[in-house]
Amino acid sequence: MATEALPFEGIHIIHPETYAEHGYPHDAWAWMRANDPVFRWEETEGLPFWAITKHADVTEISKLPDVFANGPRLTISHEAEEPRMEEFPPTLIQMDNPRHAVYRKLIAHRFSPSALRRMHDDVEQIGREIVDALVQDDVGECDFVKEVSAPLPIAVIAWLLGVPREDWNLLFDWTNRIIGAGDPEFAEEGKTPQEAARGTMVELFTYFAKLVEEKKQKPGDDLISLFTQMEVDGKKLDLMDQLAWCLIIVVAGNETTRNGTSGGMLAFVENQSEIRRLQADPDLIGPAVEECVRWSTPIIHFARTATRDYELRGKTIREGDAVALFYPSANRDEEVFDEPYRFRIDRNPNRHLGFGVGEHFCLGSHLARLEMKVAYKHLLPRIDEIELAGPVERLRSSLVGGVKHLPIRYKLKPA
Ligand code: HEM
């Protein structure tokens, strides 16, 4: 079906500009779910792809890793596809089995619920310091992204990796530049987004290479020390593999949590009765965080590539075809969620796909939940009044749905 015939003219669901200008194209996705859930998107200067918009289909595809591979491409671009940066080894999420299972097992125990219980107090302390800076005065105005949702995950990731405190800001800057490479605010003059991202990756890798050497000499209880000790088939990982680990943890754990935290905060500002509900019943913090992830769904899409022909809802996805899994669409699926367009902090059940599903299910989901809890639980109970203090600015990206700036004005209840 040609896209011009559709009731969402001007919306290109894979174009970063769509997300910067309009936010998530929920009307377009709702139309697709209702009329053509395995939608062939042809009108693009990039690779044509299948847009998968229903919860059941995103789940089915994600649970068939042998049929739908991650290796060939992880995202779909609105422009002609650039060759993969071969000089960088694949990260966990770009691997397929059997390699993926082996590598995931090397680290999974560090992100398990019991590992998280051990980290709880440190994460709580890091979060507390960040939020405390905000709640010193009873009346205030700030960019919530800059003050809370950006520094919190980067501080936690830096601490987990074993990055010295004075370098935490470097990490913050690098991840902004890699993920937001297509956004004018982070763009580098005279460079295409790909060139800019590549340059930043080199800086990041150079920095971590130095740190890896230091940790080899003086190991600690941190993740980089773990990367230097990991073995596959009795052999230590080579330096490039160790660096790929650093990269995936920094990139995957940072922008996602930042945008989940910001997106959730925006939802609270727009639905203040939910703040009152949380104040009346603090035990709702767990389900509230879950709803914030469903509501904001920070990852817009990940891609898979068919390794053989596959029938889905009467369509034939051919071997080699690209599919885009639209998680925010799955998270508004009327067949799964009661009142999907309502932000309800006591939603139960809440089978959202914000952290994905199946083989590549988010490794950091427990950590992300903990960070978001910490961000909200010291602030929301004290909110008396809150409003937006300016326009909400969104990131120009069709991978991570980013709130770049969230200006808020608030009055707090006495501590
Ligand atoms: C709200 C925050 C987060 C969101 C929304 C999120 C979302 C996702 C999604 C959608 C996937 C792909 C799942 C799939 O393909 O089925 C993923 C994978 C992954 N995430 Fe997260 N994530 C978050 C936080 C984190 C954190 C804090 C970390 C680690 C510190 C992390 C590490 C990873 C890793 C390593 C993978 C790849 C797993 C694999 O390929 O086996 N994420 N995440």
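1. Let me start at the ligand: the shell around it holds 18 nonpolar, ten polar and one charged residues. The classes here count Ala, Val, Leu, Ile, Met, Phe, Trp, Tyr, Cys and Pro as nonpolar, Asp, Glu, Lys and Arg as charged, and the others, Gly among them, as polar. Please keep in mind that this is a predicted model, in which local features need pLDDT of at least 70 and side-chain atom pairs count only at pLDDT 80 or more, while totals for chains, interfaces and linings use all residues. Residue numbers run from 1 along each chain as its sequence is written.

2. Who comes nearest? Of the 29 residues around the ligand, the nearest are Gly-253, Gly-260, Gly-356, Cys-362 and Gly-364; a residue is near a molecule if its C-beta atom, placed from the backbone, lies within 6 Å of it. Helix H11 (239–270) and helix H15 (365–377) are the elements that give two or more residues to this shell. The biggest share is that of H11, with seven residues. Helices (H or I, at least four residues) and strands (E, at least two) are DSSP runs, numbered from the N terminus.

3. Those two helices also meet each other. The axes of H11 and H15 come within 10 Å and cross at roughly 40 degrees, which makes H11 oblique to H15. Axes are lines fitted to C-alpha atoms, for helices over the stretch in contact, with angles from 0 to 180 degrees between N-to-C directions; under 35 degrees counts as roughly parallel, over 145 as roughly antiparallel, 65 to 115 as roughly perpendicular and the rest as oblique. From H11, Thr-256, Thr-257, Gly-260, Thr-261 and Gly-264 make the contact, and from H15, Ala-368, Glu-371, Met-372 and Ala-375; residues are in contact if their C-beta atoms, placed from the backbone, lie within 7 Å. By class, this contact has three nonpolar, five polar and one charged residues.

4. H11 has another neighbour in helix H7 (residues 151–161): their axes come within 8 Å and cross at roughly 155 degrees. The two helices are therefore roughly antiparallel. Leu-152, Pro-153, Ile-154, Ile-157 and Leu-161 of H7 meet a set of H11 residues that includes Gly-253, Thr-257 and Thr-261.

5. Now to the sheets. One is open, with three strands in the order S4-S14-S11 and antiparallel pairing; strands pair if DSSP finds at least two bridges between them. Its edge strands, S4 (139–143) and S11 (383–388), each pair on one side only. From one strand to the next, the twist averages 20 degrees.

6. Five bridges join S11 to S14 (residues 407–412), where Glu-385 is partnered by Lys-411 and Ile-386 stands opposite Tyr-410. S4 and S14 are likewise antiparallel, over five bridges, and Cys-142 has Ile-408 as its bridge partner in S14.

7. A further open sheet has five strands in the order S1-S2-S10-S7-S3, with mixed pairing. Strand S1 (38–41) and strand S3 (68–69) stand at its edges with a single partner strand each, so one side of each has no neighbour in the sheet. S3 pairs with S7 (residues 301–306) in the antiparallel sense over two bridges, and Phe-68 has Ala-306 as its partner there. Helix H3 (residues 55–62) packs on this sheet, touching S1, S2 (49–52), S3, S7 and S10 (322–326), and its direction makes about 125 degrees with that of S10.

Note on methods:
Contact = placed C-beta atoms within 7 Å.
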